[in-house]
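Please read the following with the sequence and the model side by side.

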Amino acid sequence: MKREWPKVRLGEVLRHRKEFVTIDDLTTYRRPRVQLHAQGIVLRDEVPGTLIKTKQQQVCRAGEFLVAEIDAKVGGFGVVPEALDGTIVSSHYFLFDLDEAKLERGFLDYFIRTLAFREQVEAQGSTNYAAIRPADVLGYEIPLPPLAEQRRVVARIEELAAQIHEACTLRHQTAEETEVLVASKVSHIFGNGQVEGWPGRTLGDYVLDDCYGTSEKTSDDSTGIPVLRMGNIQNGHLDLHDLKFLHLSEKERAKLILKQGDILVNRTNSADLVGKCAVFHVDRDFSFASYLIRLRVDQERAHPELVAAYINSPLGRAYMLSEKRQMTGQANVNATKLKALPIALPSLPEQRRILSELDALQVQVDAMRRVQTETTAELATLLPAVLDRAFKGEL
Amino acid sequence: MRRRAKGPTAPAPTTAQSLGSLIKSARDIMRKDKGLNGDLDRLPLLTWIMFLKFLDDLELQREEEASLARKKFRPALEAPYRWRDWAANPQGVTGDELLAFINQDETVRPDGTRGPGLFAYLRALTSANGDDRRDVIATVFRGVDNRMKSGYLLRDVINKIAGIHFTSSEELHTLGALYESLLREMRDAAGDSGEFYTPRPVVRFMVAVTDPRLGETVLDPASGTGGFLVEAFNHLGAQVKTVADRATLQRRSLSGCEPKPLPYLLCQMNLLLHGLDAPEIDPGNALRHKLSEIGEKERVDVIVTNPPFGGEEEKGVQGNFPEDRQTAETALLFLQLIMRKLRRRPTSAGLPARAAVVVPNGTLFGDGVCARIKEELLKEFNLHTIVRLPNGVFAPYTSIPTNLLFFDRSGPTQDVWYYEHPLPEGRKNYTKTTPIQFEEFTACQAWWTHRKENERAWKVPATELLASNCNLDRKNPRAKEDIAHLPPEQIAASILEKEQRIAEIMGRIQKLLARSAES
């Protein structure tokens, strides 16, 4: 049932409090961060007074409405939580005292997250001038039911918000799990391989030829041959955007032109990415850069796709993590280490069967991911919708 | 006028505020000079000027004390090289004349006579007259050059620094804090200089749990800018009760070692500003002595340090180590030095001599020479704790994960306790702009004295570590397992279960919304 609530200007329930303190060099101060899109206020950092160059700052009190002068139009405002009482902000923020006899903190905190409020802020001033003034804030309108009604509404919203939050958290976890499902399957197929009696070898046994890529300087001159670099390997696939080019001599061509079925492995990267790989299967001349190793496997005995899936699986990752060399900076895996990777492969027909099984799984996982993405987006709009309803007096 | 009413003019009181703005305006002046590039050049310049003013303030005070006691006073510097002779007068020598006096080997000095220039004079000082400070001064100035191109701007900077009173303990305290923040900014300005700077929260934590007692000797063989020594000085300072205690702290407690001229200068200044009158910093390489020749006399009670990682030492230095312990990895050479340098007998406080050392991950899993050193550490020392720090604690200098080793002379090791320092909720790593905070060590400090296994702390018997070729790189057994290592069936089941719960929650939300529509 719809209730009619009076609308009042914020100036009737808020007071702009403009008090500055002088920063002492020897005291440590906490500073808040007002997150954009009305996502609340969190702790930004703790800094010694010496590092704060502007010596005049304002002290925030819990429950106050804090507005960032420049960011307000993108939702840079919030209610100061208890934990951030006593934090300091510069003169580019405005602090407003609440008249708690008329306005409940939580009621304001939820109201400022509504579209109705955000629109009022965005409508202020010219489009090209980002900042707002304290007087603007005091002019915004808020529906103001009696305190008891405000508390009831806040309690209702909290109940729903908790449910929505739980659903979002779960969805976040399932999305992560969905992401690793196929890789985990690969790991377990190979883990069971020994049980199945697949002959245990090293990757090197299947490699006919390996070499490092070119370290020639590449350019944007697209008359040359495109050169794949480590950034072109994304999640086990080749990403052919953002290419660089190179003119190769005839002699180099033989060595550096990729053939279909070649596996490209990244030999230098950060520790969690080193060793990532992808199979090349483009019907066009491509070369590759020196941070990549090209492996050409014997396709009579090993299916490149399966080998690449194995290298990219948790088992392959674990091997790279234990064999990488790193003192400072980038992690490295050389061709020798790479070829020493233990791998057990079944017969070629069996390999094909496994790949088709993995493909089938991938199709299902992709389908699931699409639905998940859609519902995740819907979940994100649920709380704003609930808030909208609440402040129309319909909750 | 109102100003008159305030009475006779006392020296202008310098507050934290005015000192801060004084330093700031000195830096602003330096910014105008063409010869200086960035904070890496400006801070040393500011430091040597401060150093000379500091020295003169101290000498003036000592001279007065000596004359009251009717004793003869022997100054470290002679006229006309003292601050009061050439710098104190704001209208004094300036421009090219000033540059010539400071930079040239021989010049016309401000008093009109010919003689060596300021730096030439300072570098040639020796302790022949029995004053150790002259050696320190000479070492400091051998490592610095005047990079400023304009004598007029230099005069302006000197006039600013003249406003600091280094004899006021309150001012010193403030300056110490200011100086530390300048050092930190210098680290931020240039990646390389990060090697001189250990994040202060890590230093504080290491000193707090190692807990040096007054009367014990504390050493940092890789002092850098002196962070560990300053922290140890403050820690010991809190225990001072009598005049004799004060003397012990000043004369017999702290020593360091720093072979690079720039950090040597910064370290001297840092300690002076924190109130240590005569910092005992060895300007040579800590690794230059033959390890086997270090005896009980050279040993100390407490070592806290962050040795350089990965750097290469010259072959000659490696020759100082036993043949089967020679390596180019400096962290390992320092580790051996530290082990050798710990006093064998209990200290004056009745505690075993102890050390806290920052090491890279590589040291934990390294084999060969590294494993032999770790074997000795386990068999001869009590390696009681390893604190594992996450990525980025030392950003931007290095992003690799680091560890804090804590060991003492009460060996052999029974169990090694591991403590995995967690990142704050929701963070993936520490960065330059969001560094580690001291408060984050509170949980570890509480655990330190009441040790129990928990999701962050675990214990491994030394026998197990020795059996695994001294691989100390042990993962947390209770760490949340990476989901990718779970069987796919389990992951699929988990997704299904959660999606069903999402469906249930949606059902509840629907009901809640329906209820409000009815009411």
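In this predicted model, Ala162(B) touches Lys53(B) and Trp83(B), leaving aside residues up to four places away in sequence. Ala162(B) sits in the loop between H7 and helix H8 (169-189) of chain B. Another residue of the chain, Thr433(B), is 271 residues away from Ala162(B) in sequence, and the two C-alpha atoms are 34 Å apart in space.

At the start of H7(B), Ser150(B) places a side-chain oxygen within 3.3 Å of the backbone nitrogen of Tyr152(B).

Chain B has 519 residues, of which 52% count as buried. Its secondary structure comprises 19 helices and eleven strands. Taken along the principal axes, the C-alpha atoms of chain B fill a box of roughly 90 × 75 × 45 Å. Among the contacts in chain B with a separation of 6 or more, 74% are between residues 24 or more positions apart.

How confident is the predictor in chain B, as an average pLDDT? The average is 85, and 91% of the residues score at least 70. Residues 1-11 of chain B are a stretch where pLDDT stays under 50, and the model has one contact for them beyond four places in sequence. Where pLDDT is low, the predicted coordinates should not be read in detail. For the complex, the predictor gives an ipTM of 0.74 and a pTM of 0.71.

Further along chain B is strand E4 (residues 254-257). Leu254(B) and Gly256(B) point one way from E4(B), Ser255(B) and Cys257(B) point the other way, and all are buried. E4(B) pairs in the parallel sense with strand E3 (residues 218-220) of chain B, over three bridges. In that pairing, Gly256(B) is the bridge partner of Asp220(B). E4(B) also runs parallel to strand E5 (residues 281-282) of chain B, to which two bridges join it. Here Cys257(B) has Asp282(B) in E5(B) as its bridge partner.

Another helix of the chain is H17 (residues 442-449) of chain B. Which residues of H17(B) are buried? They are Cys444(B), Trp447(B) and Trp448(B). These residues cover an arc of only 110° around the axis, so they lie on the same side of H17(B). The elements that cover them include helix H9 (200-210), strand E8 (382-388), strand E9 (402-408), strand E10 (415-420) and strand E11 (457-461) of chain B.

The next residue links the two chains. Arg156(A) lies in helix H4 (residues 147-196) of chain A. Its relative accessibility is 7%, which is why Arg156(A) counts as buried. The side chain of Arg156(A) reaches the backbone oxygen of Leu512(B) at 3.1 Å.

Chain A also contains sheets. One is an open sheet of four strands in the order E2-E10-E7-E8 (chain A), and its pairing is antiparallel. Strand E2 (14-17) and strand E8 (77-79) of chain A stand at the edges; each has a single partner strand, so one side of each is left without a neighbour in the sheet. From one strand to the next, the twist averages 25°. E2(A) pairs with strand E10 (residues 93-98) of chain A in the antiparallel sense, over four bridges. Within this pair, Leu14(A) stands opposite Leu98(A) in E10(A).

A further open sheet has three strands in the order E17-E14-E21 (chain A), with mixed pairing. Its edges are strand E17 (244-246) and strand E21 (287-288) of chain A, each with a single partner strand, so one side of each has no neighbour in the sheet. Strand E14 (residues 225-228) of chain A and E17(A) are paired in the antiparallel sense over three bridges. Val227(A) stands opposite Lys244(A) in E17(A).

Note on methods:
Residues numbered from 1 in each chain as written. Chains lettered and ligands numbered in written order. Predicted model: local features only at pLDDT ≥ 70, side-chain atom pairs only at ≥ 80, totals over all residues. Heavy atoms only, no water. pLDDT = per-residue confidence, 0-100. Contact = heavy atoms within 4.5 Å. Pairing = 2+ DSSP bridges. Axes fitted to C-alpha atoms, helices over the stretch in contact; angles between N-to-C directions. Buried < 20%, exposed > 50% of the residue type's maximum accessible area, 1.4 Å probe, protein only. Arc of directions from axis to C-beta. Polar contact = N/O pair within 3.5 Å; in protein donor to acceptor, adjacent residues only side chain to side chain.
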